[in-house]
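Good morning, colleagues. Please look at the sequence and the model on the screen while I go through a few places in the chain, and then the chain as a whole.

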Amino acid sequence: MLETSDPQYNVEVSTGEVTVDVPDRVEQGSATTNGTSGAVIAYSPAFYATPKLNITLKNGGSGDVLEFSGESASGFTLKTRNSGGTYVNRDFDWYAGGYGQ
């Protein structure tokens, strides 16, 4: 706070800056995709913004494809297809890093 007791001077602030450092937050777990419904992962509580996501497929096959949908601050859905395009069950580990709550 800027102030003066001398009436000859006025204090004026024309610009300012605020810096906020929010602590990092990490969520992680394991799941299994389930055919066409996939695996739905919900963060509780949600992150402030969509976190960075890392997936490790544990029992994948050659040519497997990961399909993400609904990736947001509150979670994501993951489905897996094999090289023939058929939805398959696969185990995976996930790691989400971001900030908020």
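Predicted model: local features only at pLDDT ≥ 70, side-chain atom pairs only at ≥ 80, totals over all residues.

Gly 60 is found in the loop between β3 and β4. Is Gly 60 buried or exposed, or does it fall in between? With a relative accessible area of 43%, Gly 60 is partly exposed. On this scale, buried means under 20% relative accessible area, exposed means over 50%, and partly exposed is what lies in between, using a 1.4 Å probe and protein chains only. From the C-alpha of Gly 60 to that of Thr 80, 20 residues away along the chain, the separation is 8.9 Å.

Residues are numbered from 1 along each chain as its sequence is written, and side-chain values use heavy atoms, with hydrogens and water left out.

The predictor's confidence in each residue is the pLDDT, from 0 to 100. Its average over the protein chain is 93, and 99% of the residues score at least 70. Confidence is lowest in strand β4, residues 65–72, with a mean of 95, and highest in strand β2, residues 39–42, at 98.

Let us turn to the loop between β2 and β3. Pro 45 is located in this loop, and the peptide bond joining Ser 44 to Pro 45 is cis, with omega about 0°. Ala 46 belongs to the loop between β2 and β3 as well, where β3 covers 52–57. Its relative accessible area is 33%, so Ala 46 is partly exposed. Which residues does Ala 46 contact, leaving aside its neighbours within four places in sequence? They are Arg 25, Ala 73, Ser 74, Gly 100 and Gln 101, where contact means heavy atoms within 4.5 Å. Ala 46 and Tyr 99 are 53 residues apart along the chain, and 9.5 Å separates their C-alpha atoms.

Next comes strand β1, which holds Thr 32. Thr 32 counts as partly exposed because its relative accessibility is 41%. Beyond its neighbours within four places in sequence, the contacts of Thr 32 are Gly 38, Ala 39, Asn 89, Arg 90, Asp 91 and Phe 92.

Val 18 lies in the segment before β1, which runs over 24–32. Val 18 counts as exposed because its relative accessibility is 75%. In space, C-alpha to C-alpha, Val 18 is 40 Å from Glu 67, and the two are 49 residues apart in sequence.

Finally, the chain as a whole. It contains zero helices and six strands, in the order β-β-β-β-β-β along the sequence. The C-alpha trace spans about 85 × 20 × 20 Å along its principal axes. What is the radius of gyration of the protein chain? The value is 24 Å, whereas a compact globule of 101 residues would have one near 13 Å; this radius is taken over C-alpha atoms, and the globule rule is 2.2 Å times the number of residues to the power 0.38. Buried residues make up 25% of the 101 residues. Among contacts between residues at least 6 apart in sequence, 63% join residues at least 24 apart.

Note on methods:
Helix = DSSP H or I, 4+ residues; strand = E, 2+ residues; numbered from the N terminus.
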